[in-house]
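Thank you all for coming; I would like to walk you slowly through one structure today. Please have the sequence and the model open while I talk.

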Amino acid sequence: MKRVPVGLSSSSPSPRLLSTLISHISTMTSVAVLRHAPLVRAVQSRALAMASSSSSVRTTPDVAIPSVNKNNQESRVLLGMSEQDLQQLALDFGQQKYRGKQLHHLLYKRKVKEIQDFSHLPLTFRNELQEAGWNVGRSPIYKEVTASDGTVKLLIKLQDNRLVETVGIPVEDSKGSLRLTACISSQVGCPLRCSFCATGKGGFSRNLKSHEIVEQVLAIEEIFKRRVTNVVFMGMGEPMLNMKEVLEAHRCLNKDIQIGQRMITISSVGVPNTIRKLASHKLQSTLAISLHAPNQKLREKIVPSAKSYPLDAIMKDCKDYFLQTSRRVSFEYTLLAGVNDAVEHAIELAELLHEWGPGSHVNLIPFNPIEGSEYQRPYKKSVLAFSAALESRKVTVSVRQTRGLDASAACGQLRNEFQKIPLLASAEVQQPQLEMAIAS
C-alpha cells in the first residue's frame with residue numbers, strides 16, 4: 001500500500017496545504033539533510049509530484065517548486081557504488097540492509113539497466129529511488145561495428161550527448177580458452193594530441209566519471225554475452241589526467257565486477273608527478289608507458305607533451321615504480337614506417353632500458369592507419385627486424401596483433417566519423433591540465 005506523508009489525504013490537496021507542506025519540507029531539509037537526505041528528497045519529490053498532477057493547482061509566485069539540480073545528477077548514480085555503500089543507501093531509505101546486497105547483485109551480476117526493472121525490490125523502494133533522482137548510470141549504445149576478426153567497437157552516447165569509444169577484443173589462446181579484452185576510455189577525446197593518434201584529432205571535451213568508465217566493460221559483456229577477462233585503459237584519453245575517477249573505476253572493476261587486478265592495464269603517455277602517485281596505491285595492475293621513441297628529440301616530434309616530461313624523468317619514475325611495487329613496467333612502442341622503426345632505433349631503445357635497470361617489457365604496435373595521417377604502417381620485415389634486435393639484447397618483447405582494421409578500431413577513429421568537430425581547442429585544455437598535474 002502506498003504510504004502517504006502525514007497531513008496529506010489520498011485525494012488532491014488544496015493549494016494552501018501544498019504551499020505550507022513544501023515550505024515545511026524545505027525547512028526540514030536544511031536540518032535533516034545530513035542524516036536522512038535521500039528520504040527527505042523522496043518525500044519532497046512526492047509532494048511536488050502531487051502538486052503537478054492536480055488540475056486545480058497552478059504554479060504561482062507564492063508556491064516555489066524547486067527543480068532537480070542537474071549539476072548533482074551524477075552524484076545519484078548507482079553504478080560504481082560498493083556493496084557497503086548500497087547497503088547504507090538502503091538504510092537511508094528506511095529499507096532493510098539486505099536490500100543493498102540485492103541492489104549490488106542487480107547492478108553487477110544481472111546488469112539491469114533501469115531501476116524500474118529491479119523486480120527483486122519493492123515497488124515503493126524503486127519509486128522512491130527514482131523520485132529522489134537516482135538512476136543506474138547506463139548509457140545507450142549509439143553505434144556498433146564488428147570487424148571480420150570478431151573485434152567489436154562501440155560508440156556509447158553519454159548523458160550530455162558526447163560519444164565515447166570502447167572496444168571488445170576476443171582472442172582464443174592455444175588451449176582453446178577465449179580471452180575477452182575490453183579496451184576502455186578514460187576521457188571524451190584527449191588533450192595530449194599525439195601526432196599519430198586519431199583521438200587527439202577529434203578534440204577534447206571532458207573527463208569521464210567512474211561509472212562512465214565502468215559501464216563500458218558492462219556494454220562489452222552485453223554484446224559478447226560473456227564475462228570480460230581483461231581490461232586495458234588504452235582507449236580515448238590520458239588516464240593519468242583523470243586519476244581519481246580511473247582509480248575509482250579500477251576499484252569497482254576489481255571488487256564489484258571481480259576482474260583480477262593483474263588482468264587490468266593502465267596506459268599513459270606520461271604526465272609529470274603521476275607515476276609515483278599511482279605507485280603509492282600499490283596496485284597489482286600493469287602500468288604501460290607509451291614511449292614510441294628511444295630518445296628525447298624524436299619523442300618530442302611524435303608526442304608533443306614530451307617537452308614537459310623529459311624521457312630521463314619518465315625512466316627514473318618507472319624505475320622507482322618497479323622498486324616500490326615489484327611490478328615490471330610495460331613500454332608501448334608504436335612502429336611508424338621510416339620514422340622510428342629502424343634497427344638503430346631498436347638498439348638505442350635497448351640501451352635506454354638497460355641503463356634504467358630491470359623490470360621492463362616492450363610491446364611493439366605496428367601503426368594502425370588512420371585517415372589523413374602522415375604516417376604509414378611498417379612492413380612486416382621491419383617489425384620482425386626491430387623485435388629481433390631487442391631480443392638479441394635481452395629485452396623482453398612482444399608484437400601486438402593488429403585487430404579490427406575494418407572496424408575503425410584505431411583509438412578515436414570511429415568517434416571521429418560521427419563527432420569530428422573538436423569539442424575544445426587543445427590550447428584551452430592541455431596546458432592547464434598539465435600544470436595541475438605538475439603542481440598537485
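Predicted model: local features only at pLDDT ≥ 70, side-chain atom pairs only at ≥ 80, totals over all residues.

Y333 has a relative accessibility of 1% and therefore counts as buried, where buried means under 20% relative accessible area, exposed means over 50% and partly exposed lies in between, for a 1.4 Å probe and protein chains only. Residues are numbered from 1 along each chain as its sequence is written, and side-chain values use heavy atoms, with hydrogens and water left out.

What is the relative accessible area of F386? The value for F386 is 0%, so this residue is buried. Y333 and F386 form a tilted aromatic pair, with 5.0 Å from centre to centre and 40 degrees between the planes; rings of Phe, Tyr and Trp (its six-membered ring) pair if their centres lie within 6.5 Å, and planes under 30 degrees apart count as stacked, over 60 as edge-to-face and the rest as tilted. Because Y333 belongs to strand β10 (residues 329-335) and F386 to helix α12 (residues 380-391), the pair ties together parts 53 residues apart in sequence. Helices (H or I, at least four residues) and strands (E, at least two) are DSSP runs, numbered from the N terminus.

A search of the whole structure finds three aromatic pairs. Another of them joins F93 and F125, whose ring centres are 5.9 Å apart and whose planes stand at 55 degrees, so this pair is tilted. F93 sits in the loop between α2 (83-92) and α3 (98-108), whereas F125 is in helix α4 (residues 123-131), 32 residues away. Both F93 and F125 are buried.

E83, L86, Q87, L89 and A90 of α2 meet R99, G100, K101, L103, H104 and L107 of α3, where contact means heavy atoms within 4.5 Å.

Finally, a residue in a loop. V339 lies between β10 and α11 (343-355), and at 25% relative accessibility V339 counts as partly exposed. Leaving aside residues up to four places away in sequence, V339 touches L298, I302, H345 and Y375. V339 and K301 are 38 residues apart in sequence, and their C-alpha atoms are 10.0 Å apart in space.
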